Amino acid sequence: MTTPAAGARVFQGKRIWAMSRDAFLTAASLIATHEEAFAPELVIGLARGGVPLAQETARILGIPAVEVRARHNVSDLVGIQATGEVEVDEATLHAAAAAVRRVLVVDDICGSGATLQAVTTLLADAGVEARTAVLCRNDGARFPSLDTWVWPVADWVAFPWEAPPPPDSTPLPLPRHVHTAQETP
């Protein structure tokens, strides 16, 4: 499936955020706790960046996690805009969601919103209720169905499972709460 971009990422160019392992684990716990009321039966992690969050969130919730390839970026280079086109492994997505009614779709960041839009549209077409959660929401994201995120950002984020960030990176603070769609104007 190919979908046009839902927005454009915002890069102020002031810093590169560095997410520590402790910040990630705290954020995953906050997301899992917040989404527990939805009672998801499965966590879908969008490969590559959403897989660590899916695994940790699913572990906390005591439910399975599955990886689904959904690619929007042409490169992992700092500051690169996404292509505007999304490729989703539909066969894996449909197989994973075939026996469930509620899923939590997670990713590392909502940059424009196009990847989450493509995946949740496919799930809705299959009759599956989905909520979405990410670690970071870029200020350029225009995805109206993003339910939960931890950090709003306007610069590049280096995640703990990626190559080490430059030494002058700015550490993301330990989170205390999640943000929700109800807070967004």
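Accessible areas here come from the Shrake-Rupley method with a 1.4 Å probe. On that basis, the accessible surface of this predicted model comes to about 8,700 Å², and carbon and sulfur atoms account for 52% of that surface. Of the 185 residues in the protein, 50% count as buried. Contacts also reach well along the chain: among those between residues at least 6 apart in sequence, 73% join residues at least 24 apart.

The protein contains four helices and ten strands. Read from the N terminus, these elements follow the order β-α-β-α-β-β-α-β-α-β-β-β-β-β.

With strand β6 (residues 129–138), β7 pairs in the parallel sense, over five bridges. With strand β10 (residues 179–180), β7 pairs in the antiparallel sense, over two bridges. Residue T148 takes part in both descriptions: A133 stands opposite T148 on the β6 side, while in β10 the bridge partner of T148 is T180.

Attention now turns to an open sheet. Three strands make up this sheet, arranged in the order β8-β1-β9 with parallel pairing. Its edge strands are β8 (156–158) and β9 (170–171), each of which pairs on one side only. Strand β1, formed by residues 16–18, is joined to β8 by three bridges, and the two run parallel. Within this pairing, W17 is found opposite V157 of β8.

Two packed helices are described by the angle between their axes and the distance between the axes. For helix α1 (residues 21–35) and helix α2 (residues 50–61), the angle is about 55° and the axes lie 9 Å apart. Angles of 65 to 115 degrees count as roughly perpendicular and those under 35 degrees as roughly parallel, so an angle between these ranges is classed as oblique; α1 is therefore oblique to α2. The contact draws on F24, L25, A28, S29, I31 and A32 from α1, which meet P52, L53, E56, T57, I60 and L61 from α2. As for handedness, α1 passes α2 in a right-handed crossing.

Methods. Residues are numbered from 1 along each chain as its sequence is written. This is a predicted model: local features need pLDDT of at least 70, side-chain atom pairs count only at pLDDT 80 or more; totals for chains, interfaces and linings use all residues. Side-chain values use heavy atoms; hydrogens and water are left out. Two strands pair if DSSP finds at least two bridges between them. Buried means under 20% relative accessible area, exposed over 50%, partly exposed in between (1.4 Å probe, protein chains only). Contact means heavy atoms within 4.5 Å. Axes are lines fitted to C-alpha atoms, for helices over the stretch in contact, and angles run from 0 to 180 degrees between N-to-C directions. Angles under 35 degrees count as roughly parallel, over 145 as roughly antiparallel, 65 to 115 as roughly perpendicular and the rest as oblique. A crossing is left-handed if the near helix is turned anticlockwise from the far one by less than a right angle, and right-handed if clockwise.
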